[in-house]
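Work through the exercises below with the sequence and the structure open. Try each task before reading its solution.

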Amino acid sequence: MQITVKIKRFDPEADTRPRWVEYQLDVDPTERVLDVINHIKWELDGSLAFRRSCAHGICGSDAMLINGVNRLACKVLVQDLGNRITVEPIRGLEVKKDLIVDMEPFFDSYRAVLPYFINDEPPPPTERLQSPEERAVFDETTKCILCAACTTSCPVFWTNGSYVGPASIVNAHRFIFDSRDRGTLERLEVLNQSNGLWRCRTAYNCTEACPRDIPVTQAIEEVRRAMLFRG
Amino acid sequence: MSTVRRGKAKRPRTFVEARAMASSSSELGWWVFMRISGLLLIPLTFAHLWANNIAMDAGQIDFAYVVARLQQPGVRIFNSFLLLFAMLHGVNGLRYSIEDYVRRPGRRFALKMILYTVAGIIFVFGVMTLWAFSYEEMGNAVRALGSE
């Protein structure tokens, strides 16, 4: 299958602005976009920079804007895209080189919501028990791989980089709704700012972008209700 | 990171506690308001459209009709709610848009001030029209103009 891949490239040492570069190559329809980009790097242009690690949709390294939609390059097949593929870096974060963006602001927001288990109560003699029903409440939000596909698809985040972003709220949700956790108040305090939870305009871009099918907007809404009704 | 604050961590037990312990942001209140006013505005708007466009003959609208209508307490109260909710809901929505998309602090502040000023003037005019407008005086003035 003959395809044309158009990649938005940026070399900070040579370019003042990003430029589009086209590559023609012959690939198998069942290959993934990540394979295609690997072909380009290994066989056509070794200077192409991008992140990848596990290549199986778990590490969250290779989120890219593929044909206008944020996706993981390792989870999209060429046959589902056709013979013209455009690849851009995810939006709203500073491009370091080609498809590599500075993820630090994203992880700063993530760290701000205290994404770890907090419980100062003395540990019980056995485990901290949790019923299957209590576990199910936050099941979806445990699936986040921090790929930033949601946050960088958010129109509010594009214009306002200080918005905490959907990914952080998803990870706050994972602990806020954990029956064993006691850090809810601190997390809600962090999120209850104009640049926190309330900046979400329910555009649903995040939900569509999530490669793990997390109902992101619903999670945000649930945290808002927790803010309102938590007793 | 926030090990200092960890010590006083205590879960709020009631809504009042949660509000008191959360930061002072008013955004929670506005979020609730937008949902309630949004729901209320649906019947208010459609009742308004119905009353003014369907329930009456458009050819019959004249000064006397409008005066008689706006002097009914029910109409005044209904329109006051419509005015209040539509203005607050709309202005707050515009405030959201400004805060989302205008990044320069100075420009942002200026735009918000213009918004609040215009909205305030419209609101005051609305309240005056509904509650403090003398239709008799206005009617007399119009008739005096006509007889000249």
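This is a predicted model: local features need pLDDT of at least 70, side-chain atom pairs count only at pLDDT 80 or more; totals for chains, interfaces and linings use all residues.

**Exercise 1.** State the strand order of the open sheet in chain A, then name its edge strands.

Solution. 
- Step 1. The open sheet has five strands, and the pairing is mixed.
- Step 2. Read across the sheet, the order is 2-1-5-3-4.
- Step 3. Strand 2 (19–26) and strand 4 (69–72) of chain A each pair on one side only, and they are the edge strands.
- Step 4. On average, neighbouring strands are turned by 35° against each other, with direction ignored.

**Exercise 2.** Determine how strand 3 of chain A is joined to strand 4 of chain A.

Solution. 
- Step 1. Strand 3 covers residues 63–66.
- Step 2. Four bridges join strand 3 to strand 4 of chain A.
- Step 3. The two strands run antiparallel.
- Step 4. Check one pair: A:Met64 stands opposite A:Arg71 of strand 4.

**Exercise 3.** Find the strands that helix 1 of chain A lies across.

Solution. 
- Step 1. Locate helix 1 at residues 33–44.
- Step 2. Helix 1 lies across strand 1 (2–9), strand 2, strand 3 and strand 5 (84–88) of chain A.
- Step 3. Against strand 2 of chain A, helix 1 runs at about 95°.

**Exercise 4.** Describe the side of domain 1 of chain A that touches domain 2 of chain A.

Solution. 
- Step 1. The domain assignment gives domain 1 (2–101) and domain 2 (104–229) of chain A.
- Step 2. The centres of the two domains, taken over C-alpha atoms, are separated by 29 Å.
- Step 3. In contact are 14 residues of domain 1 and 14 residues of domain 2.
- Step 4. On the domain 1 side, strand 4 of chain A gives the largest share, four residues.
- Step 5. By class, this side has seven nonpolar, four polar and three charged residues.

How values were computed: Residues are numbered from 1 along each chain as its sequence is written. Chains are lettered from A and ligands numbered from 1 in the order in which they are written. Two strands pair if DSSP finds at least two bridges between them. Axes are lines fitted to C-alpha atoms, for helices over the stretch in contact, and angles run from 0 to 180 degrees between N-to-C directions. Two residues are in contact if their C-beta atoms, placed from the backbone, lie within 7 Å. Domain bounds come from an automatic or database domain assignment. Ala, Val, Leu, Ile, Met, Phe, Trp, Tyr, Cys and Pro count as nonpolar, Asp, Glu, Lys and Arg as charged, and the others, Gly among them, as polar.
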